[in-house]
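Please keep the sequence and the coordinates at hand while reading.

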Amino acid sequence: MNAMRQRAVAIAIFWAVLLAVLAWRAPGFFAGSNIRDIAVINAPALIIALGMTVVILAGEIDVSVGSQFAVASVVAGLLAKAGVPLPFVALLTAGAGAVMGGINGALVTWLGVPSIVATLAAMAFWRELLRWFTQGAWVQGLPAGFQWMGFGQAQGELAILVCAALLFGVMVWALRNVQAGRAVYAVGSQRESARLAGIPVSAVSFGVFTLLGALTGIAALLDSVRFSEIQSGAGAGLELKAISAVVIGGTSITGGRGNTWGTLLGASVLAVIAPALTFLGINAFWEKAIQGAIILGAIVLERVTTSRKMKAHAR
Amino acid sequence: MRVENRAGSERALAFLIVLEVAVFAFTGPNFFSAANAFEVVRLGVELGLLALALTPVIVSGGIDLSVGSMMGLCAVVFGYLWRDLHLPIAAAAACTLLAGLLGGALNALVITRFGGAPLIVTLGTYSLFRGIAEGLTRGVDNFSQFPPGFLYLGQGYLGGLVPAQTPLFLLFAAFYWLLLHRSIYGRALRAIGFASDGARWAGIPVNRRLALVYTLSGFTAAVASLIYVAHLGQARSDAGTGYELLAITAVVLGGTEIMGGRGSIWGTLLGLGAIVVLQNGLRVSAFPAELAGILTSAILVSTIAIGRRSVGRAAAGTAVTQEDGTEEEEMKNSQLAVLSAVILAGSLIVAGSNWWLVQSVRPAASGGAGSAVPAKRLTLAVMPKAKGDPYFVSCRAGAEEAAKQIGADLIWDGPTDLDPAKQNEVVEAWITRGVDAISVAVVNAPGLSTVLRKARAKGIKVLTWDADAQPDARDFFVNQATPQGIGDTLADEANRIMGGEGDFAIITGALTAANQNEWIKFIKARVAAKYPKLNLITIRPSDDDRNRAFSEAQTLMKVYPKMKLIMAISAPAVPGAAEAVKQSGRQDVKVTGLSLPNMCKPYVKAGIAESVVLWNTGNLGYLVVQASKMAVDGTLRPGATSIDAGRLGRIGIDGDQVVLGKPLVFTKANIDQYDF
Amino acid sequence: MHTSKYNRPLVVSKAVAAPLLEAHGIGKRYGGVRALRQVSFDLRAGEVHALVGENGAGKSTLIRVLTGAVQPDEGVVRLDGRVIEHNSPHRSRALGIAAIYQQPAIFPDLTVAENIALVNEPGGLARRIDRGARRAQAKELLRAIGAEIDPEREAGRLSMPEQQLVEIAKALGGNVRVLVLDEPTASLTERETEKLFGILQQLRERGAGIIYISHRLEELGRIADRITVLRDGETMGTRQAADTDVRTLIRLMAGRELSAVFPKRAVKIGETVLDVRGLTSAAAGIRDVSLQVRAGEILGVAGLVGAGRTQLAETLFGLTPADSGSIRVAGSEARIQKPEDAIRAGIAYVPEDRRRHGVVAELPVRANATLAILQRIAKGGLLQSAAENALAETWVSRLGVKTDGIDAPVSSLSGGNQQKVAIARWIATEPRVLILDEPTQGIDVGAKAECHRIMCDLAEAGLAIVMISSELAEILGMSDRVAVMRGGRVTGVMDRAAATAESILELALG
C-alpha cells in the first residue's frame, strides 16, 4: 500500500509543480470557465477510468473500452434518432455497454481467456464491426432535444459534471461500504483466499467487466450529448488513457491495492497536460513524450522513495 | 502431455492456414501462386520481426507494448542521421540499431532496477518513444529519397522472385529459435515465466535475463524499422503505429501463454502466417478489409478459450498420467472441430457478403450499359486513403454511380486507418488478383510508387487521385485541386473573413498527416506573400477526432483572446471547432476550413463557420471511375486534351492530369445545394 | 495422559449423539499422487476430534474436502445426516463450517475488521456494510481471544502470529457449527494458546464440533476427545484420546517404531566447511547468528515456525543479503549478495516451499535437474542436449527418481520424487555446503526414508549439511548436532547425545 501511495504522492507533487508553473506563467488557466471546460471534456474519460479502476483492482484489465465507447456512442445516436425518449436512450446505451463488458467478463470468467487477450480481441472486433456497419458515416440529424439532453448549454454542462461527480461519489462509497466493493479488493488481492473465504470470485470478475462496460456506455452518452451529431470513430486510444489514469493514480496493476481518489488524481493530471502546454506556449509535438515520461517518472520515483524509507526503517 | 498439447495447438494452426489457403484459392483469383506467396512473406516481415522479439518477452511472463512506437522513433532517428547529419547510410543504420538497443535497455532498466510492472513501464515508453519521434520531427518533417541500394532491402527481389528482406527475416527467426529453444537463456526465460521465484531460487540471474530480452526487443524493433523505411521509401514518426497489438496477437495465437512459460518460435511463425494469409486472402478476394480484424479476433479468442479450458481442467486436479491419453486426443479433436467451425462461420459471412455485393452490382450490369455487348466486364479498383474517413465515404457514392453507368465491377477498398504500409498491401493484392485499373489516393508517395510501377509493368492502368504518387508511377492523376490551389483558397478565405488583418490558428489532422502538412506549407507561403497582416499563431493537432478538435479550439480561444479565426483542415475538425466557438458564445471568432458540407451545415447556417472549402467529392469519385475506364479502353491516352466524363460533361486534361476544377467554397448562400 | 483442566465428562455425555459431520469413503488424487483413499471420518456435536498424521498423510486434503475447497473424486460429506451437494467454500461456510488453514488466508490490503467481516456476514455482494458494526464485532472477537490488535490496521502489516489470531477470530465470527483448525498453535505463544483452548471449550459447550490438527501430540491429551490417525491417505483408526499415549500415536503415524525410521550412519567428520560468524540481516530478521558445520556433518536446525530458520537459510544463500557478519566456506571468505554468489562459493539450498521455489513444476525433470548448472551443460550459450540428458539421467538413477522419463514434467511426479529432483538439482552443482529446508515435508514414508538415505550418502561424500526441520523426530534421528533458533537467534547448539525432545523444546519456546 505504501509503495502505491508513494506513487500517488510523487504524481501529486508533479501536479502541484505543474499548477504552480501555470499560476506563474499563465494565470488565465485558472479562470473558472477554463476549469469548467476541462472538467466537462474530461468527465467521460474519468467515468471510464473509474470503471477501469475496479477492473484493475480485481486483478484484470480491459483494453477494449475505446471500441466499446465508439459502439455505445453510435448506439445512443441511432436510438435518439429513432425517437426513443432520452431516459431510455441512456438506459439502453448503458445496457449496450454492459452487454459488451459482460461478453468480456464471460470470456475471462467462464472460458478462462486471460483478460488482456480477451479484451485485445474485443478491441479489434468491435472497432472493425462498427466500421463495417457505419462505413465511417456519422449519425446526423439528431432530434433537437439530444444536445445537452434538452437542458441548454449551461445546465447541460452542469448536468454532465453532476453525473460524473455522482458516479464518482457512488463508486467511492460503494468500494468502501458495499460488500461487493470489498470483495473486489479481496479477489484482486488473493484470488484463492477469496475463494476459500466463500466469496463468489467468478461473479466478481464477471461483474467488474460488466460494470466497466455500463460505465463506458454512460460515458459515451455524456460525451455525445455535448454535440449535435455523433462521430463513428470516437474513443481511439481511450483504453490507454484510462489505464494510464488508473496506474498514475497509484493503483497496483496486479490488483488489490489502490482507490478511486488516486484515479481522480491521475485523470486530472492527464486532462491538464494538453491545455497546459497550449497555455504555456509549448509545442504540442511533445505531449505524448511528456505523458510517457510522467508514467516512467512515477515508477522510478516510487521505487526511490520507498527503498530509502525501507533502509531508514531497517536502521 | 504438455508437449503433446503444444504440438496439438500448432497442428490446429497449421490446419487453419491450410483451410485459409483452400478458401482463398477458391475466392481469390491468383491467390494460389508462388508470386503471391512471396508477397505474403514480404508483408509479414516487419510484423514478424516484432512478433519474434515479443515471443521470448511473453515467455518470460512480461510484455512489451513499446515496439511499435520504437519503430517510429528509429525511423525518425535514421532519417535525421542520414539527411541532416549527413552520415553515410550504413553508419546511420548502425546508429539507429544502437538507438533501438538503448530504448530497449531503458525498458529493461525500469523493469529490473525499479521494479516496474512490464505492462506499465512499456505503456509509458509506448507514449515516450512515439512522443520523442513526433517532437524531433515537430510532427511534420519526414525523410525520403533514400539511395536505391538501401531501398532494395525493402522493395527489391533476389533472383527476381524472393523479396530482399526474406533472408534477414529468416536469420532473425533462426536466431530467436536458437535463443528460445536451444540456449541457456531460453531455458532460464521459460523458468522465469513459469515461476519467477523458482528461477531465482535456482540461482538464475533473473534480472539480467529479463534485461536481455527487453534490450533485444528494442534492437529488433529497430531492425524492423529500417526494413519498414526501406519498404516504404519514407521515414516518418508514425511508422509502426498499432503494430504492437497485432504482433502480440500473432504471438498469443501461436500458442504462447500470455502469463509466461509456454511458447515457441514455430508457434509464433504459424500465428503470424495465419494472420498475414488471412489479410492477404481477404484483399485478393476483394472482401471488405474490416473482416480481417473481426475474423482474427474471433479465431484468437476461440483458440485461447479451448486451450485454456483443457489446461484448466488438467490443473483443476484431474490426473495427468497415462490414462488421460484418450481425453487428450478428444481435446485436440474438439479443438480442431471448433476452430473449423469458426473458420467456416467466417467463410460463410464472407461468402454471404460477397453474394450480397454481387447482387447489389448485378442490376447495374443489365440496366447500365445497355447497348454495348459486354464482352468482358471491367474490374476497376479504387482505393481511398482510409475507408472510414467521411470524406472518402462521400467520394464512394460517386464512384459507385459511375461504375453502375458503365457496367464495370468496382472494388472499393483500402486501409481502415491511416497506415501507409497497408496501401502497399492492398495494391499488391490487386496486382495478384489481376484487375484492369487501379486508382489510388496516395498516402505515401515514395513508398507506394514502387508498387504502382510494378502494377504498370503488369499492364494494369494506374491512376492516382486526391493525392499524387511519383509521376512515372502512374498514367494519370485525377486532380481535384492542387495543394497550392487549396492553400491559396484557404488563405484567401481567411483574409476575407478576418478583414485583412489579425491572428488565426490552424487545427490540423494528425501531426504527421502528409496532405495537411502540404496545405499548411502553401497557406504559409500565400499569407507571407499576399497578406502580411495575417498572423498564424499556432498549429494544433486533432488526430482527426472531432472531440479533440473541440477541446483544442476551446483552449485556443482562451489562450489567444485576440484570435479572430480558427482554420480547421481536417474534415471532423471543422464541426469540432465550430461547436467550441458556438458553446463559448463568442461572436468575434469565426471558423473556416476544409470539410464536408453536410457535417458543417448547421454551423455555416448559424454563421459560426463563415465558409467551408472543398471540391465536390461525389463528382471526384465519379470522375476517377470514368477516367480509369477510359484509360483501360484507350480513350484517355497521352496527348488527349479532354474527355467526355458522363454527367460531368467535358473535362479538361492538362498534360498527365485530369483536372476536376477549382475547389468549391460553401457559404450560407449555397450550402443547401450540396448533399455530401 | 494427565487430566485436562477442562471438564471432559460434561462433553462425553453429549458425544453419544448422532454425528454432526460425517465424511464417507472419500478418495482424492492429485496428478500421480493418491492423497486420500477410502477415508471415513465423523465428528459429533460438542467434541474435539483430533486429526494426526505425518506431513503428506492427507490431513490438509481431507479438511479441504470437508470445507468444499477441493472436490473429492469419490465419497460424500454429510452434515446432520444430509449429503452436502455441490460443496464449495461459500456453501460450507453458509452451513456453519469454518476452517483455519495452516497458511493464513489473509487479504493483505484490507483492514483486520474487513478480513474478519468479509467471510462472516450473511448476504450477497449487494449488501451494505455497516463499518461501525464491523469494527465493533472485530474488536469483540479479538478481545474474546485475547488479541490486542487494532481492527483498523491493514492486515498485510501484521506479524505471522497476529495474522493467525485474526484467522481464529474470523473463524469464530460466524455461527460456527463445525470448526476446523489446521495447526493453529504453530506460531502462537503459550498465553495465546491457553486463550484459544478456552475459546474452543466455550464452543464445544455451545454444541459445536471441532476438528483439530496438530503436530504437538502433547497438546492433544488436553484438548481432544477422540483422535484419528491418517497415514499415506488412509485412516489408521480412531481412538479415545484418554486411552491413547503419544508412543502409540507415533507408531500409528509412522507405521513402525520411531528408532527404526532413521538410517543415520556414523561417518568421518572432517574439517570445518561452513563457518558463519555474527550474521545479521534486518530484512530477514536474523540477529547475530554464528554456526560451524564440518565436512560429513549434519547440523539439524530446530525451532518453531517463525523462529527464523528459513530466513537464515535464505540469508546464507543470498536471497536476502546479510547486513553484517561473515560467511566462510572451506576457509575462504564468501561475499554473498545474490544466489549466484552462493552457488559459486559452494553453497546449495533446497528450499522449503517445493512447489514455489524448489522445482519449476511445469518444466520437465531434465530441465529442473540442470537449472542451476546451465552454464555447465552449454557451449557458447547453446545447450548441449547430449550433456544435459546424460547429467539428468545420472541423477535420476542415482537418486532413484521414479518418473516416466526425463522429459516428463515434474508436476506429474509424486511429492517425494519431486523433492528428489529438487535435491538432484543442487547436488549437481557439486556444493560444499548443502542446506535442506524441511526436506521431507509432505512426502510419503518410503520416499522420506530414501531422502534420509541420500542425506547420509552425501554426508559420507564429505558435504557439510544443514537440515532445517520442524519434525522433532527427524531432527533427533538425523543430526550430528542440533542448533535451536528462536526470534532470529541461535539459542543453543547441542551434540547428538545431549539433544532430547525436551531440551530442544525448552530452547525453542524460551
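Leu222(A) sits in helix α9 (residues 201-224) of chain A; helices are DSSP runs of H or I with at least four residues, strands are runs of E with at least two, and both are numbered from the N terminus. Setting aside residues up to four places away in sequence, Leu222(A) touches Ala43(A), Pro44(A), Ile160(A) and Cys163(A), where contact requires C-beta atoms, placed from the backbone, within 7 Å of each other. Pro44(A) is 178 residues from Leu222(A) along the chain, yet their C-alpha atoms are separated by 6.5 Å.

## Basis of the model

The model is predicted, so that local features need pLDDT of at least 70 and side-chain atom pairs count only at pLDDT 80 or more, whereas totals for chains, interfaces and linings use all residues. Residues are numbered from 1 along each chain as its sequence is written, and chains are lettered from A and ligands numbered from 1 in the order in which they are written.

## Chain C as a whole

Chain C has 19 helices and 22 strands, and its C-alpha atoms fill a box of roughly 65 × 50 × 45 Å along the principal axes. The radius of gyration of chain C is 24 Å, which agrees with the value near 24 Å for a compact globule of 510 residues; this radius is taken over C-alpha atoms, and the globule rule is 2.2 Å times the number of residues to the power 0.38.

Buried residues make up 53% of the 510 residues in chain C. Among the contacts in chain C with a separation of 6 or more, 69% join residues 24 or more positions apart.

## The largest nonpolar core

The largest nonpolar core holds 505 residues, of which Ile566(B), Ala577(B), Ile435(C) and Ile465(C) touch the most other members. Such a core is a set of buried Ala, Val, Leu, Ile, Met, Phe, Trp, Tyr and Cys residues joined through C-beta atoms within 7 Å. Helix α10 (residues 206-232) of chain B supplies the largest share of this core, with 16 residues.

Apart from neighbours within four places in sequence, the contacts of Ile566(B) include Phe504(B), Ala553(B), Ala577(B) and Val591(B).

## Domains of chain B

Chain B is assigned domain 1 (39-253), domain 2 (379-481 + 619-659) and domain 3 (483-614), with bounds that come from an automatic or database domain assignment. The centres of domain 2 and domain 3 of chain B, taken over C-alpha atoms, are separated by 29 Å, and 9 residues of domain 2 are in contact with 8 residues of domain 3.

## Interfaces between chains

The contact between chains B and A takes 65 residues from chain B and 62 residues from chain A. On the chain B side, α5(B) gives the most, with 14 residues, and the residues of that side divide into 31 nonpolar, 21 polar and 13 charged. Here Ala, Val, Leu, Ile, Met, Phe, Trp, Tyr, Cys and Pro count as nonpolar, Asp, Glu, Lys and Arg as charged, and the others, Gly among them, as polar.

Between chains A and C, 21 residues of chain A are in contact with 22 residues of chain C. α7(A) gives the most to this side of chain A, with 7 residues.

Key: Contact = placed C-beta atoms within 7 Å. Buried ≥ 20, exposed ≤ 12 C-beta atoms within 10 Å, placed from the backbone.
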